[in-house]
Amino acid sequence: MKWLNLLALLASAVSIPVAFGQYTVPPGSPGYLLGSSTQAIQFDSHSLLIDGKRVFIWSGEFHPWRLPVPQLWSDVLQKMKGAGFNAVSIYIHWGLTEGKPGSLDWNYYRSISQFYEVAKQVGIYVIARPGPYINAETSGGGLPGWLTTIGAVARTNQTGFVNAWQSYVKQFSETTSKYQYPDGPVIFVQSENEFYVSQAMNPTASPAMALLETAFRQNGISKVPLTCNDVWPSGNFASGLGQVDIYGFDSYPGGFDCSNPSVMPELPNYYVSAHASADPYGFMYLAEYQGGAFDPWQGPGYDGCEELLGSDYSNVFYKNNVASGATAMSFYMTYGGTNWGNIAEPAVYTSYDYGAAIREPRTLSAKYSEQKLQGLFYHSAPALLTSSILGSGAGAPFASNAGVFTTKLGGGGNPTNFYVLRQMSNNITTPISTSLTIDTSVGSLKVPQFGGTITLAGRESKILVSEYKFGNSVLRYSTAEVMTQTTIDGSDIVVLYVLAGQNVEAVVPSTATAATVTGSSSIKAKISNSDAIITGTASGISVVQFGKTTVIVADKATAFTFWNPRTVASYDVSPTVPSVLVVGPYLVRNASISSTTLALVGDTNGTTPLTVIAPAAVKSVTWNGESVKVSKSNLGIGLSASLTKNAKTPSLPKLKNAKWKSADSLPEIAPSFDDSTWVTANKTTTLNPFPPFSGKIVLFADEYGFHSGSFVYRGYFTGKATGINLSLEGGNNFGYSAYLNGQFLSSNQGFFGAVQINDTLTFPANAVVSGKNVLTIVTDSSGLNEDWNSNDDFKHPRGIVGYKLVGGGDFDTWKLTGNFGGESFPDNVRGPLNEGGFWAERSGAVLPGFDDSKWQSASPFTGISKAGIQVYRTKFTLSVANGVDAPLAFKFTATPTSNYRSLLYVNGWQFGKFISNFGPQTVFPVPEGILNHKGENEIALTLWSLDAQGAKIADLELVALGAFASGKEVVSGLVTSPTFQQLRT
Ligand code: IPT
């Protein structure tokens, strides 16, 4: 191992990039390092290079299928780009794409080509992660439901499994091949997902991985590297069979305990050594770095996750990654979205907000701003991309205070050094002060030199620089952090920030004779011995100008309002691409200059002061296409204006006052119900590794082509049975109700962690008839399990898994049904997982255009007074003003003592599963496009009362989660949403 490290060191010293896919010699020989290529994407042990230029990958995870409105994808990507994200990582969902074996559908929200086009337009690289296994807290971890019935073990090289993914991988690869950089935005294709676990448990992981990689390559993924995400930096697939071009690993060091959001775990300290031995030739790529957390059924809710993995966490942990040498990281998630339909796996509920930087309603969180400051900085510090760790430790020789831990990065043939400072423990929430000994071109300096201290708040990390180049200027050092730099009209600008009130000391060598300070006077500046010396505390914005150099100092909260868009279309967000500085708005999406006009596109949430620092040629400014009155800014630099466009919060209908129509959604309990078109369960054997423990007939819903939502069974028997032993599986928190000959027997619900419900039901004497008896069972599923351990866990059956009549006899016939059409579902827009098997769903009553004129008038707020399922429908019209982005949501009032389960359908899309006593979700955001913001909407709501006393919805309101005057892409009404007439007649 030692000599391998030596080679790696040698490679880093000479920094010869390796092109991917060029490994004609085995890893470990010098030739391996010297492979060369003309390809656009290369790398070495420091960083990725694109078109020969080193690049820091600041990436975020987003699942387009969790936001099924393609016209909103640009909104998320522009928000990401605004925060310095130059890449987006996406999972592609096999199960949603191939609902029926052999019938693949890549249209609508499944369109990867449309996503790549949007990313190309926005100018953001794409990391494509097609699985075929993805985990992702989605049903079956992305494996299709029909895969539960194949004999082969998933995620192995067994023929049955390999055959199963062929079409999906081929079609993914063929489409993606046209979008490989530079023809499109795709820079990496990841093979499989966290296959480490498999290697321990599944000896065929390597051959399975190799087969997949060959399939990607043979079907067109020939220009970009294949990558992996090891669950731990243990080197799986960094070498040997199944080796990828670029090795990556995942890390979730913040944990998932969102109920204790103020507890911050300590920093991981193993990355450097583990990566060095796992992947000595590659740069450190954190393929999934924790960007939030999922929240389980009965969990504390996503606000806790946003706090736990919030701005302090982002500050300390992400900077620690940089201190560990990472030059590429992707946050899981950056926009989480929604588990609409039956996308969720059993651990999670409808919202997949994830406490991410961009929240489920597409609003920006506090940590978005923290990520923006860091993202912009990493792109503004090319020296970071050739640096190595030059030393680290508590106190000396760096910090004067032993309570401060410093990592020094530098080298790489330039004088720039980076000092990553933090406190010794994340338990410390009080500030600490220190001085720092740094290397500069005038020797070692102990800074600050002119009074004051460097302060670190509790849970604050700072990256301080020395000999940092910006344009033709150099920051000798700064005790404030750098946000970004740009050069405008030949004048170099650097933006520095610290928390309000903290000291700042910065020195920039200069031949100027005087320095002026405008804006906030908390900062002073002077020229002394050919140095501009800047000192003071940060408060608002201070602008220091001398010669052709400008240093802007802002307090951190004010820095959060800074934006630095490029003014030409470009994936490259480094300082070599012209940019402007914009201060004030909630969001700046885009900037461009044509002759004397700067056109800005963005969002405001109220009257907002605007300052722009742009070339002198710019005389006028437009905001979202309208010109704004500008004057010289009193900051002493740039132009100022006021953005006055106010977004009116839309007036919303009161659902409590709406006209509701209603019908029984459980007619199947009637003995006379006609189930002749249902499937007859006739299997007595199964390939499923989790067979029934009792009962003659296999009743697993998936065996009969029903993979989503809910199932209804009707079992016929004659004789004198007095009860039944019943076993059901449905994943966490599933429910069921049983009826005999129309009479309610009982209901039950699982809880978190309950795999199976085993109940003995006693038949009331008066319920059993002497002839044919019919037992009706309605049950739902919270999705298929994931398959994290490659042990076919996702094949855990759903529905009835065991039955035995008490008192003798057996069933003659079992009939069952699930979603309309099963695998031959007709709705190729909403796809295979949208609907379940309730009558309201099968009959199409949940679809727009369904004729409910013959239904009775009844409201869900009155509800039902017995056990059963009732469906309610209403319509309302919205007229959200043009140019307003108003994320809307349906808000249930929680009634934890009541026992009911509800599905919310919005224009035929299932966008909420509310369980009265489990929670935690009561607010269900529904994106514009699923909800028609400018026209009519049809809502269907099911109310499944588990108890004999019935249930009612306490309240359901339509609420606005914000209102922004927005420059986002216009959503043109509803996304394609087939109607009842198209799908059921
Ligand atoms: C990691 C998975 O790769 C990802 O798909 C998702 O499930 C994530 O976890 C949790 O949200 S696995 C990691 C926790 C070891």
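Arg-873 and Asp-852 are both buried, where buried means under 20% relative accessible area, exposed over 50% and partly exposed in between (1.4 Å probe, protein chains only). The model is predicted: local features need pLDDT of at least 70, side-chain atom pairs count only at pLDDT 80 or more, and totals for chains, interfaces and linings use all residues. Residues are numbered from 1 along each chain as its sequence is written, and side-chain values use heavy atoms, with hydrogens and water left out.

**Salt bridges**

- The structure contains 36 salt bridges, each defined as a side-chain nitrogen of Lys or Arg within 4 Å of a carboxyl oxygen of Asp or Glu.
- Arg-873 pairs with Asp-852 in a salt bridge, with 2.8 Å between the closest N and O atoms. Arg-873 belongs to strand β50 (residues 868-879) and Asp-852 to the loop between α14 (839-842) and β49 (856-857), so the pair ties together parts 21 residues apart in sequence. Helices (H or I, at least four residues) and strands (E, at least two) are DSSP runs, numbered from the N terminus.
- Asp-780 and Lys-913 form a salt bridge in which the closest N and O atoms are 4.0 Å apart. Asp-780 lies in strand β46 (residues 772-780) and Lys-913 in strand β54 (residues 909-915), so this pair ties together parts that are 133 residues apart in sequence. Asp-780 is buried at 4% relative accessibility, and Lys-913 is buried at 14%.
- Arg-217 and Asp-245 meet through their side chains in a salt bridge (2.5 Å, N to O). Arg-217 is partly exposed, with a relative accessible area of 26%, whereas Asp-245 is buried at 11%.
- A network of salt bridges links Asp-75, Lys-79, Arg-362, Arg-589, Asp-603 and Asp-885.

**Ligand surroundings**

- The ligand is surrounded by 16 residues, a residue being near if one of its heavy atoms lies within 4 Å. The closest are Tyr-91, Asn-135, Glu-137, Glu-194 and Tyr-354.
- The shell comprises 10 nonpolar, 2 polar and 4 charged residues.
- An N or O atom in the side chain of Tyr-354 lies 2.4 Å from an oxygen atom of the ligand. For Glu-288, a polar side-chain atom is 2.9 Å from a ligand oxygen atom, and for Glu-194 the corresponding distance is 3.4 Å.
- Taken alone, the ligand exposes 390 Å², of which the protein buries 89%; accessible areas come from the Shrake-Rupley method with a 1.4 Å probe.

Terms used. Polar contact = N/O pair within 3.5 Å; in protein donor to acceptor, adjacent residues only side chain to side chain. Nonpolar A, V, L, I, M, F, W, Y, C, P; charged D, E, K, R; others polar.
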